[in-house]
Amino acid sequence: MVVTHLALELSFQGKKLRGFSCRLTRSAHGYLPESSWTVAAQILLPYLVSGLGMVAAGLVMDAVQHWEVFKEISEVFILVPALVGLKGNLEMTLASRLSTAANTGQMDGAQQQWRMVSCNLALIQVQATVVGFLAAVAAVALGGLIRGRVDIIQASVLCASSVTTAFIAALSLGLVMVAVIIGSRKVGINPDNVATPIAASLGDLITLSLLAGVSSLFFCYRDTWYLPLAVCGFFLLLIPAWVMIARRSPPISEVLKSGWQPVILAMSISSIGGLILDKTVSNPNFEGMAVFTPVINGVGGNLVAIQASRMSTYLHCWSVPGALPFIMSENCPGPFANLCSSDVNSKSARVLLLLVVPGHLLFLYIIHLLQGGHNAMTPTFIVCYLCAAQLQVGILLYVATVLVRWLWRRGLDPDNFSIPYLTALGDLLGTGFLALSFRLIVMF
């Protein structure tokens, strides 16, 4: 769709108009309205693929929870939501930022594309290293409050495992996101609809597998006390180099200065979900928490990230930071009006909400087949699980509407600020609602 933009400049001397100029710009990078069927068709396959990735991540977590490192250092469970949440803090934010850039024509030239990609990848390496280290510190602190003591060897293993996992996962997933977004534009698919689900599908599986493998490796060599310290020091010393690369782009340089609050706060929220997971995963009454947690958290974060990314692209196409478009300028709608209005963002919210139950039913069936009866899929459990998932996504979609509007009015880019908060809230709601579902089943 070609969008025509008319810029009118008036020149005054005192109170008298002395001249004017106008500039007419036609752009082929406007926001193309999509039907509900188009949105559903583009989202469905990546959504299902991402769900299968989350199922695989759940099965991996169900297996590795019995490994020696997870039994000896239970704080690793606190790390899981925080590190898995990095896909929301970093990779999904990267996908949203690059999708907006691609849809608004900022990646059409080869030189523009290279600078955008290199600076963004450097940015997420800085953030991954710092947040990975802080997540380990938070896990050690929360574990120390519960146990009443801190084991220095275990703390060093946690820090080295967290930083290494965050660094490798961010680099590999970042490269995948770049390839997906550039490829999507070339084949005529809206990157907003496919990039974040793919980030979600690969993020959970890669991060959990890396955390399990890396933590087991450091645990095996825990008597070599200097190894974790050397690894942490190496990755921390790389930070200045990544900062120099990221600062070559003024917008990324600004994110480097102001983008830490949502990432760190989101990590803190996810760590609370990790604490819930740590307290329930070893309880026989909560058998199945390990396998279902990545699925319910991943689906919720996946769907709300799509909505936030689409809303951000819409705002970038039709307005400037600080001013909402006319169609969105009224007061923020209520939860039901948010789903029932005729605007394009409500349409996509309805599609995303309708995907929750069919998707989860498929994922539950696959888990049931692969688990071989390890978790009893009773009708009561399925009903409670689906209610928890539907409530989680409904809350997240409404919070996304409120948050994106609020950020845009304050002149903040939702691509950089909204998704970390939303995916972290999704982790907390998903883990909490899932634990509540298990509790209700035990009670009744």
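Is Ser268 buried, partly exposed or exposed? Ser268 is partly exposed, because its relative accessible area is 34%, where buried means under 20%, exposed over 50% and partly exposed in between, with a 1.4 Å probe and protein chains only. This is a predicted model, in which local features need pLDDT of at least 70 and side-chain atom pairs count only at pLDDT 80 or more, while totals for chains, interfaces and linings use all residues. Residues are numbered from 1 along each chain as its sequence is written, and side-chain values use heavy atoms, with hydrogens and water left out.

**The chain as a whole**

The protein chain has 17 helices and two strands. Helices (H or I, at least four residues) and strands (E, at least two) are DSSP runs, numbered from the N terminus. Of the 444 residues in the chain, 54% count as buried. The chain exposes about 19100 Å², and carbon and sulfur atoms supply 68% of this area; accessible areas come from the Shrake-Rupley method with a 1.4 Å probe, and for residues only the protein chains shown count as cover. Among contacts with a separation of 6 or more, 82% are between residues 24 or more positions apart. A contact means heavy atoms within 4.5 Å.

Helix 16 covers residues 379-409, and its 31 residues should span 45 Å at 1.5 Å a residue. The expected span is 1.5 Å times one less than the number of residues. The end C-alpha atoms of helix 16 are 45 Å apart, which agrees. After helix 16 comes Gly411, with a positive phi near 80°.

Helix 12 has 30 residues and reaches 43 Å from its first C-alpha to its last, close to the 44 Å expected. Helix 12 is mostly covered, with 27 of its 30 residues buried.

Ser268 lies in helix 11 (residues 260-280).

Gln390 belongs to helix 16. Gln390 is partly exposed, with a relative accessible area of 28%. Leaving aside neighbours within four places in sequence, Gln390 is in contact with Leu353, Val356 and Val357. The C-alpha atoms of Gln390 and Leu355, 35 residues apart along the chain, are separated by 9.6 Å.

Leu83 is found in helix 3. Leu83 counts as buried because its relative accessible area is 1%. With neighbours within four places in sequence left aside, its contacts are Gly132, Ser162, Thr165, Ala166, Thr207 and Leu211. Between the C-alpha atoms of Leu83 and Val131, 48 residues apart along the chain, the separation is 8.5 Å.

**Cavities**

Rolling a probe the size of a water molecule over the atoms shows where empty space is left. On a 1 Å grid over the protein atoms alone, a cavity is a set of points where a 1.4 Å probe fits but cannot get out, and lining residues have an atom within 4 Å of a point. Grid points are joined across faces, edges and corners, and a volume is the space filled by probe spheres set on the points. A search of the whole structure finds five cavities of 30 Å³ or more.

The largest cavity is lined by 13 residues, of which Pro81, Val84, Thr293, Pro294 and Asn297 lie nearest its centre. Helix 3 (76-84), helix 7 (191-220) and helix 12 (289-318) are the elements that give two or more residues to this lining. Helix 12 gives the largest share, four residues.

The lining of the second largest cavity is made up of Glu75, Val140, Gly144, Arg147, Arg149, Val150, Asp151, Gln154, Ala155 and Leu158.

The table gives volumes and lining classes. Ala, Val, Leu, Ile, Met, Phe, Trp, Tyr, Cys and Pro count as nonpolar, Asp, Glu, Lys and Arg as charged, and the others, Gly among them, as polar.

| Cavity | Volume | Lining by class |
|---|---|---|
| Largest cavity | about 90 Å³ | seven nonpolar, three polar and three charged residues |
| Second largest cavity | about 80 Å³ | four nonpolar, two polar and four charged residues |

Note on methods: 1 Å grid on protein atoms, 1.4 Å probe; cavity = no way out; pocket = protein on both sides within 12 Å on 5 of 7 lines; lining within 4 Å.
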